[in-house]
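Please open the model in the viewer and keep the sequence panel at hand.

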Amino acid sequence: MSRQLNEPVDAALVPRFAGHSTFMRLPAATSAEGLDVAILGIPWDGGTTNRAGARHGPREVRNQSSLMRRVHHVTGIAPYERLAVADLGDLAVQPIDLMAALQQIEAGIAAICAAGALPLSVGGDHLTTLPVLRALRKADPGRGRLGLVQFDAHSDTNDRYFGDNPYTHGTPFRRAIEEGILDPARMVQIGIRGSVYAADEHQWARDQGVRIIYIEEFARRGPEAVMAEVRTLIGSGPAYVSFDIDGIDPSMAPGTGTPEIGGFTTREAQAMLRGLAGLDIVGADVVEVSPPFDLGGMTALAGATMVFELLCVLAGNAGGPPA
Ligand SMILES: [Mn+2]
């Protein structure tokens, strides 16, 4: 293969606190052509129903991602030796018009798909995932509906907010099921908890066949058993991975708009992401990092680390010798 692989700026030559701020200190790219994985920001939180601020997520996750080194300490995978990766920058999404923003996000992801790259995006609130999924579905209609592995405190399958508004960060996965993008029989949500608006709030999702693993069940079974079930449930079909940072306990990730105490730890999150190895992942995101609520960048660091874990899973799946 003649494609060009990219390496992060050498930390032995330029200290990690210096230089341009890009995801993982990778080159900044203006196009996804030639890339296997495009890391990008979606700085938009127009779907947020309560405490806004996730629009500032990509910039801080970029900053904290300078702490990531080259090689995964468990798997030994050096992702940049296997995959062509770059920082594609942020999608230029305007913050005022929700419907226009959804179209801008979808168009941005569609361009990445058309270039043959896989989108690994950093939000932004969880509504950003809906236009990403729309673009992925349209990019390859022949591969069928997507499965979903969702790490989150919230199911995000509500119907309407503030009257008759169908698009908020509490509704993306209901819309994606309704639109025939996601196959609810191959959807699993892990870490769900917290008070709800109504006792039957999750019933619609359950009725569709979505597997909801509440945090209490997760705590009883642990990450390995849960991920074994996830791999069986997702099977060999295509799947998307969405990591809402509020799945992590707010003592470890306070910088998010809708924190819920009693969550999984950062270490459990890492263990779960490693358990995705072997799945046919067509795209992934880390969303809901909200720097205005963060402390010392700890939530952005958790988000950046999850991006690195996801990248290493993708690289492991790519397999084979270095290109
Ligand atoms: Mn969410």
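This is a predicted model: local features need pLDDT of at least 70, side-chain atom pairs count only at pLDDT 80 or more; totals for chains, interfaces and linings use all residues.

Residues are numbered from 1 along each chain as its sequence is written.

Select residues 98–114 for H3 and 129–139 for H4: the two pack at an angle of about 40°, and their axes are 8 Å apart. Axes are lines fitted to C-alpha atoms, for helices over the stretch in contact, with angles from 0 to 180 degrees between N-to-C directions. Helices are DSSP runs of H or I of at least four residues, and strands are runs of E of at least two, numbered from the N terminus.

Next, display the facing residues. On H3 these are Leu102, Ile105, Glu106, Ile109, Ala110 and Cys113, and on H4 they are Leu130, Pro131, Val132, Arg134, Ala135, Leu136, Lys138 and Ala139; contact requires C-beta atoms, placed from the backbone, within 7 Å. The contact of H3 with H4 comprises eleven nonpolar residues, three charged and no polar. Here Ala, Val, Leu, Ile, Met, Phe, Trp, Tyr, Cys and Pro count as nonpolar, Asp, Glu, Lys and Arg as charged, and the others, Gly among them, as polar.

**Before H4**

Move to the peptide bond from Gly123 to Gly124, which is cis, with omega near 15°. Gly124 lies in the loop between strand S3 (118–123) and H4.

**Two residues with positive phi**

Select Arg25, in the segment before strand S1 (37–42). Its phi is near 60°, a positive value in a residue other than glycine. Is Arg25 buried or exposed? Arg25 is buried, because 24 other C-beta atoms lie within 10 Å; the cut-offs are 20 or more for buried, 12 or fewer for exposed, and partly exposed in between, with C-beta atoms placed from the backbone.

Then select Asp156, in the loop between strand S4 (146–151) and helix H5 (172–178). Asp156 also has a positive phi, near 55°, and counts as buried with 26 C-beta neighbours inside 10 Å.

**Helix H9**

Finally, select residues 298–318. Gly319 follows H9, with a positive phi near 60°.

Terms used. Two residues are in contact if their C-beta atoms, placed from the backbone, lie within 7 Å.
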